[in-house]
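Me: Hi! I have a model open and would like to talk it through with you. Can we take it topic by topic?

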Amino acid sequence: MDSSEETAREIQALRERVSSLSAAILRVSASLDLATVLQEVVDAARTLTAARYGIITTIDGAGGVREFVTSGFTPEEKRRFAEWPDGPRLFAHLRDLPGPVRLAEFPAYVRALGFSADLIRSKTFQGTPMRHRGVHVGSFFLAEKEGAAAFTNEDEDLLVLFASQAATAIANARVHHREQRARADLEALVETSPVGVVVFDAQSGLPVSFNREARRIVETLRTAGRPAEELLQVVNCRFSDGSELALGEMSLVRTLCNATTMRAEEILLSVPDGRSVRTLINVTPIRGAHGEVVSVVVTMQDLAPLEELERLRAEFLGMVSHELRAPLTSIKGSAAAVLGAAPALPRAEMLQFFRIVDSQADHMQGLIGNLLDAGRIEAGTLSVDPEPSEVSALVDQARNTFLSGGARHAVHIDLPPDLPRVMADRDRIVQVINNLLSNAARHSPESSPIRLEAARDGVHVAVSVRDEGRGVPPEMLGRLFRKHVALSGGNAESGLVATGLGLAICKGLVEAHGGRIRAESAGVGQGARFTFTLPAVEREDSGGPVRPAAGEARAQRDAARGKPRILVVDDDPQALRHMRDALAQAGYAVVVTGDPDEVPGLIRTEKPQLVLLDLMLPRTDGIELMARVPELSDLPVIFISGYGRDETIARAFKSGAADYIVKPFSPTELTARVGAALRTHAGPEPFVLAGLAIDYERRRVTVNGSAVALTATEYELLRILSVNAGRVVTSESLLRQAWRARASTDTGPVRAFVKKLRAKLGDDAEYPTYIFNERGVGYRMPNPGEP
């Protein structure tokens with residue numbers, strides 16, 4: 001009887017365990033959200049074995065920890081465990097064991113491995129690996145079985161069965177996440193495409209999705225307050241051969257079901273009230289498993305921008321023809337007057353005609369030079385030869401050139417006496433200033449002065465030309481630097497008539513120097529201000545070579561140990577070769593890659609000082625890569641892209657970019673922008689706080705005048721904290737910058753080196769003067785000006 005009851009109890013216990021296992025498997029399989037699945041796995045493992053604590057870790061393809069999820073821990077216990085310096089190494093050891101591990105004396109086991117066991121409060125321990133199709137995807141670890149009993153063979157067997165199902169659930173969740181990500185990427189690509197995309201359901205004949213550009217095109221035809229679908233009943237299609245088709249007079253369902261592929265058909269879409277839009281349309285039917293059409297994808301490109309480009313091209317050619325025709329007419333007329341005169345003209349009159357021919361030939365040469373410059377800028381082949389130059393000399397030469405050309409405006413110059421020299425190709429910058437002065441003179445009355453000013457702007461010098469003329473409408477400011485922009489329909493009272501080539505050439509020349517140019521105006525009738533920047537030369541040794549700003553000085557110090565290192569990331573081999581050659585010729589050491597996955601490793605091993613990052617990369621884009629790779633946030637990053645749209649550039653700068661270069665670009669512009677970014681990212685002037693002084697150029701640290709000997713890592717730690725004085729630097733950021741370490745919770749090295757550094761500086765940890773601890777976050781040094 002006793003044996004039967006024992007058997008019955010065992011059967012009942014087995015049923016309960018199987019029931020619990022089934023319920024746990026159902027819970028972990030009920031969701032495809034990875035975070036939810038991981039939490040359910042660790043919670044279910046605790047429930048199945050009556051364990052107090054549970055931890056699950058998953059690993060990536062390189063064997064590193066990807067996720068770390070806990071169960072049963074209080075917030076304080078979780079925080080202390082996450083900060084445990086030996087934690088990552090212990091989990092790495094447990095992860096590499098060939099199978100499950102069950103321990104009755106967990107603290108003793110941990111100490112035997114050489115790790116600290118101060119945080120281990122549980123004696124019993126059970127670890128179980130998770131494998132999916134033979135691949136190790138992670139492990140879960142359980143501790144402190146209820147009632148202080150040891151984990152049993154039955155617990156281990158149950159967990160092994162559960163682990164196989166949990167691994168499958170985790171793998172499915174990851175596949176789902178990747179599919180969702182791919183779908184989101186595709187939807188984002190379609191949504192932001194410059195071509196309109198509409199998808200029609202063949203069975204209902206109704207559109208099921210519009211992207212942003214398609215909605216914009218439809219909006220130009222839709223009647224306010226009426227649904228977009230109503231357009232299908234009123235839109236008329238006029239084809240390039242003159243034939244017309246009214247959509248409302250045909251069965252759209254039948255047409256879609258019988259749709260055939262159509263490519264690049266120019267169609268004018270119009271509505272009865274006369275509104276229309278000319279489009280280039282492609283039609284692609286999507287067929288089901290049995291060959292029937294299930295949906296139709298229609299792409300449409302608004303041809304208005306192309307027509308506007310054609311109009312601008314015709315205007316540009318007309319402007320060039322007019323500008324060349326005027327001096328040619330004068331030359332032809334003067335030559336005809338001399339050759340056709342009978343009797344021959346007196347010598348004085350002939351000389352006068354020859355002077356006209358000479359001046360008009362010079363004028364034509366200038367026009368042709370502008371055309372050639374515009375072409376070089378467009379092709380990215382414009383080159384400049386910068387050298388240290390006095391701003392006052394450049395301004396004075398430009399003013400003299402401007403006034404000698406017959407200008408009648410007064411030019412007022414305002415330059416501060418302490419302006420640093422600038423890196424400038426003197427002839428080209430004089431050309432820029434002269435163009436801006438001529439532009440101001442064309443659009444302001446002769447009685448009003450033109451003001452020419454300059455001021456220090458960080459590591460640049462900003463030069464401004466300001467007039468009191470017609471001003472510029474706010475909506476036109478962003479278009480002024482394009483080739484030949486006509487404003488306000490030629491109404492001289494409402495704004496500028498045209499900018500011709502001058503401002504476009506100014507933009508190209510300034511950017512080739514590594515600077516920027518911008519226009520400002522309060523509106524029509526309020527005048528305009530044009531400002532451009534040039535890299536500053538901060539200091540010079542008398543009789544010696546010019547020494548630029550602090551960033552460039554640091555680059556020279558680095559060059560003494562090895563050339564400044566630049567990492568270039570671009571999947572275009574030709575672009576990589578172009579940038580590598582240009583940077584190498586300029587004296588940089590260049591590391592190149594076309595694989596974005598290699599970026600974190602290259603930053604750690606090659607230690608670049610700057611990164612050139614292509615916006616469009618395989619499987620990702622540069623902005624997303626900056627968000628995903630924390631090492632990039634510690635370096636100046638210059639984006640390179642063929643996209644020059646304002647919103648794209650704004651997104652890049654918002655993500656933390658140091659600069660943005662639009663392809664194509666010249667080697668001169670590339671190296672100038674790299675140099676400017678390095679100077680901007682360089683360290684500050686010598687740092688002085690209380691008795692502590694840091695001379696960055698000589699890497700010398702003193703306290704109350706006495707030199708302090710620091711190791712390379714100690715100095716780098718102090719440098720990072722001091723250049724960020726007033727801000728908290730997280731322990732993770734210090735690990736990345738001073739140790740070039742992967743993102744890690746092991747902040748032990750930081751704490752240890754801060755302790756050593758404080759000891760050498762004589763800084764009391766309880767009442768610090770130099771290095772303050774922000775508990776749980778990182779460290780900071782106060783600004784020298786803080787009370």
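Reply: Happy to! One definition before the sheet: two strands pair if DSSP finds at least two bridges between them. Helices (H or I, at least four residues) and strands (E, at least two) are DSSP runs, numbered from the N terminus.

Me: Good. Before we dig in, what should I know about the model and the numbering?
Reply: This is a predicted model, where local features need pLDDT of at least 70, side-chain atom pairs count only at pLDDT 80 or more, and totals for chains, interfaces and linings use all residues. Residues are numbered from 1 along each chain as its sequence is written, and side-chain values use heavy atoms, with hydrogens and water left out.

Me: How many helices and strands are there in the protein?
Reply: The protein has 23 helices and 35 strands. Of its 787 residues, 42% are buried, where buried means under 20% relative accessible area, exposed over 50%, and partly exposed in between (1.4 Å probe, protein chains only).

Me: And the contacts, what share join residues at least 24 apart?
Reply: That share is 60%, among contacts between residues at least 6 apart in sequence. Contact means heavy atoms within 4.5 Å.

Me: Over how many bridges do strand 10 and strand 11 pair?
Reply: Strand 10 (residues 262-270) and strand 11 (residues 276-287) pair over seven bridges, in the antiparallel sense. Leucine 268, for one, has arginine 278 in strand 11 as its bridge partner.

Me: I clicked on arginine 263. What does arginine 263 touch?
Reply: Leaving out residues up to four places away in sequence, arginine 263 touches Ile281, Asn282, Val283 and Thr284. Arginine 263 lies in strand 10 and counts as partly exposed because its relative accessibility is 49%. Its C-alpha atom is 9.6 Å from that of threonine 299, 36 residues apart along the chain.

Me: Change of topic: at what angle do helix 21 and helix 23 pack?
Reply: Helix 21 (residues 712-723) and helix 23 (residues 748-761) pack at about 85°, and their axes are 10 Å apart. They are therefore roughly perpendicular to each other (angles under 35 degrees count as roughly parallel, over 145 as roughly antiparallel, 65 to 115 as roughly perpendicular and the rest as oblique).

Me: Which residues make that contact?
Reply: Helix 21 contributes Thr713, Glu714, Leu717 and Leu718, and helix 23 contributes Phe753, Val754, Lys756, Leu757, Lys760 and Leu761.

Me: What about helix 22, how many of its residues are buried?
Reply: Helix 22 (residues 731-739) has seven of its nine residues buried. Its buried residues pack against helix 21, strand 33 (729-730), helix 23 and strand 35 (778-780).

Me: How many aromatic pairs does the structure hold?
Reply: Five. Rings of Phe, Tyr and Trp (its six-membered ring) pair if their centres lie within 6.5 Å; planes under 30 degrees apart count as stacked, over 60 as edge-to-face and the rest as tilted. Phenylalanine 125 and phenylalanine 141 are stacked because their planes are at 20°, with the ring centres 6.0 Å apart. That pair joins strand 4 (residues 125-132) to strand 5 (residues 135-145), 16 residues apart, and both phenylalanine 125 and phenylalanine 141 are buried.

Me: And how is the pair of phenylalanine 140 and phenylalanine 162 arranged?
Reply: That pair is tilted, at 6.0 Å centre to centre with 50° between the planes. Phenylalanine 140 is in strand 5 and phenylalanine 162 in helix 6 (residues 153-191), 22 residues apart.

Me: Last one: where does arginine 133 lie?
Reply: Arginine 133 is in the loop between strand 4 and strand 5. Its phi is near 55°, a positive value in a residue other than glycine, and arginine 133 counts as exposed because its relative accessibility is 78%.

Notes
Axes fitted to C-alpha atoms, helices over the stretch in contact; angles between N-to-C directions.
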